[in-house]
Amino acid sequence: MKFFLLICSFFICLNCEAAKRGTSVYYENPVLPATAPDPSVIRGDDGTFYLYATGKGYPIYKSTDMIHWEFVGRVFNDANYPPLVRNNRKATLWAPEIRKINQKYVLFYTMWFGNVWLSAIGYATADSPTGPFVDRGVLIDSKPINVSQSIDQFYYEDRGKSYLFWGSFRDIYAIELSISKDVTIAIKPETKVKIAGTAFEGTNIWKRGGYYYMFASVGNYAGGAKSTYRTVVARSKKLLGPYVNKQGVSVLDNGFEEILHRSDKFTGPGHNAGIIKDDAGQTWMFYHAYQVSNLKLKRQGMLDKIEWDKAGWPYIADKIPSERAEAPIIKVKKQK
């Protein structure tokens, strides 16, 4: 009888742990079976995760476990579209970047006008991760800043300063930002510095131990089943570089380490969101990829855990997107 009760208790504990981690201890990719390129993810104050992606007005999804996602709205609609986009038929919005700054949710956005010298980066702010967002204008314009293809921005704070990284296949740059208490943001043009060469786009920075890691994508994002897009990394002791691969080749010379490439099930895995931790301290990467068996949805939302080797380099198991894997550990917060 005691043995029976012990076994029952064991399985009850397993079920409790599964409940804490979501509806299952395993997940399957794609975790977001929808067209969701260039994801950016943030965790709200209540523990809920929010994901923003390229698409009409930037679709917003939410999740309590990083696995099951629900569409909850869009950043921009007919009433609040940035004027430069609303008034230009050639304009499109790409690659959102969400951050919380001075108690405001800040959505950095890319505007593309059909030419590498006609692109810009702006920002909008809100009190809630689902908005309403108010457009605050342009930060970076390709011609004045003299950086073609000024897209794919990434915000980073370090040692009391704020930076924006940006660029796509025409060198990667960083610049320091000035941010007021009411989240009025401006660039400091004199601080512009080239970080990487012409192989990269969709860069973001993650610090671990004594290193800064620059994650990025290389290859052609288009092409569906033939896409050559993949995820790479390099690291540096300093935020502004030099970033190098394991052989010491600088990203300025297009050196990198590949950590994720195509498989027979998924192609074009890249443009990952900023790295995010679960409640066990594990690091996770959202990104997009084509599912070969369902190309009609184009680039869908994907998730994989980042492991770290003894030398401190990140890697993803087998360097391919997982089909089924152990889920993130998320503690459900009690509602007040």
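Colleague: Which side chain does the side chain of D65 make a polar contact with?

Modeller: The side chain of S63, at 2.9 Å. Keep in mind that this is a predicted model.

Colleague: What does D65 do with the backbone nitrogen of I67?

Modeller: A polar atom of the D65 side chain lies 2.8 Å from that nitrogen.

Colleague: Where is D65, and is it buried or exposed?

Modeller: D65 is in the loop between strand 5 (59-63) and strand 6 (70-74). Its relative accessibility is 5%, so D65 counts as buried, the cut-off being under 20%.

Colleague: How does the lining of the largest pocket split by class?

Modeller: There are 10 nonpolar residues, 6 charged and 1 polar.

Colleague: On to rings. How many aromatic pairs are there?

Modeller: The count is 16. One of them is Y156 with Y212, which is edge-to-face, with 6.4 Å centre to centre and 75° between the planes.

Colleague: What does the pair of Y156 and Y212 tie together?

Modeller: Y156 lies in strand 11 and Y212 in strand 17 (residues 211-218), so the pair ties together parts that are 56 residues apart in sequence. Both Y156 and Y212 are buried.

Colleague: And what sort of pair do Y211 and Y213 form?

Modeller: A tilted one, at 6.2 Å centre to centre and 55° between the planes. Y211 has a relative accessible area of 24%, so Y211 is partly exposed. Y213 is at 1% relative accessibility and therefore counts as buried.

Colleague: Which residue lies over the face of Y211?

Modeller: R235, at 3.8 Å from the ring centre. R324 lies over the face of Y26, at 4.3 Å from that ring centre.

Colleague: Which residues form an aromatic cluster?

Modeller: Y58, F76, Y81 and Y109 form one.

Colleague: Backbone next. Which peptide bonds are cis?

Modeller: One of them runs from N29 to P30, with omega near 0°. P30 is in the loop between strand 1 (26-28) and strand 2 (32-35). Another cis bond runs from G241 to P242, with omega near 10°. P242 is in the loop between strand 18 (230-236) and strand 19 (257-260).

Colleague: What is phi of R159?

Modeller: Near 55°, a positive value in a residue other than glycine. R159 is in the loop between strand 11 and strand 12 (161-166). At 72% relative accessibility, R159 counts as exposed.

Colleague: And what about phi of K319?

Modeller: Near 60°, also positive in a residue other than glycine. K319 sits in the loop between strand 24 (314-315) and strand 25 (324-326). Its relative accessible area is 37%, so K319 is partly exposed.

Key: Residues are numbered from 1 along each chain as its sequence is written. This is a predicted model: local features need pLDDT of at least 70, side-chain atom pairs count only at pLDDT 80 or more; totals for chains, interfaces and linings use all residues. Side-chain values use heavy atoms; hydrogens and water are left out. Ala, Val, Leu, Ile, Met, Phe, Trp, Tyr, Cys and Pro count as nonpolar, Asp, Glu, Lys and Arg as charged, and the others, Gly among them, as polar. Rings of Phe, Tyr and Trp (its six-membered ring) pair if their centres lie within 6.5 Å; planes under 30 degrees apart count as stacked, over 60 as edge-to-face and the rest as tilted. Helices (H or I, at least four residues) and strands (E, at least two) are DSSP runs, numbered from the N terminus. Buried means under 20% relative accessible area, exposed over 50%, partly exposed in between (1.4 Å probe, protein chains only). A charge sits over a ring if NZ of Lys or CZ of Arg is within 6 Å of the ring centre and within 35 degrees of the ring normal. A polar contact is a pair of N or O atoms within 3.5 Å; within protein, one must be able to donate a hydrogen and the other to accept it, and residues adjacent in sequence count only if both atoms are side-chain atoms.
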